[in-house]
Amino acid sequence: MTRNRIRELLRELDTELDRSDDLDDDTRRELALLGERLETAEPDAEDSLADTAGEMASRFAASHPTAARIARDIADMLAKMGI
């Protein structure tokens, strides 16, 4: 259930960022990679997806507040899952 909700949030984030003209290709690739890594992520993995989502939220904070909120929600859910 939680992974499904995270997938929904990732789609929501992608939609929100598609509305932006100033989003760089690296950030788009990072978002796609986050979704791919979610499929194989295991709790307590060395490379935390929650940290990655949190970093994205920080980068979006000033220029994309809605995207930042969605990324924070994803980071919180991943942290609760231990991923």
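User: Is R19 buried or exposed?

Analyst: First, a note on the source: this is a predicted model, in which local features need pLDDT of at least 70, side-chain atom pairs count only at pLDDT 80 or more, and totals for chains, interfaces and linings use all residues. Residues are numbered from 1 along each chain as its sequence is written, and side-chain values use heavy atoms, leaving out hydrogens and water. Buried means under 20% relative accessible area, exposed over 50%, and partly exposed in between (1.4 Å probe, protein chains only). R19 has a relative accessible area of 62%, so R19 is exposed.

User: With which residue does R19 form a salt bridge?

Analyst: Side chains of opposite charge can pair when their charged atoms come close. A salt bridge is a side-chain nitrogen of Lys or Arg within 4 Å of a carboxyl oxygen of Asp or Glu. R19 pairs with E16, their closest N and O atoms being 2.9 Å apart. E16 is partly exposed, at 22%.

User: How many salt bridges are there by this rule?

Analyst: The count is seven. One of them joins R69 and E12, with 3.5 Å between the closest N and O atoms. This pair links distant parts of the chain, as R69 lies in helix α4 and E12 in helix α1, 57 residues apart. Helices (H or I, at least four residues) are DSSP runs, numbered from the N terminus.

User: Which residues of α1 are buried?

Analyst: They are I6, L9, L10, L13 and L17. Seen down the axis of α1, they fall within an arc of 105 degrees (taken from the directions from the helix axis to the C-beta atoms), so they line one face of the helix.

How values were computed
Helix = DSSP H or I, 4+ residues; strand = E, 2+ residues; numbered from the N terminus.
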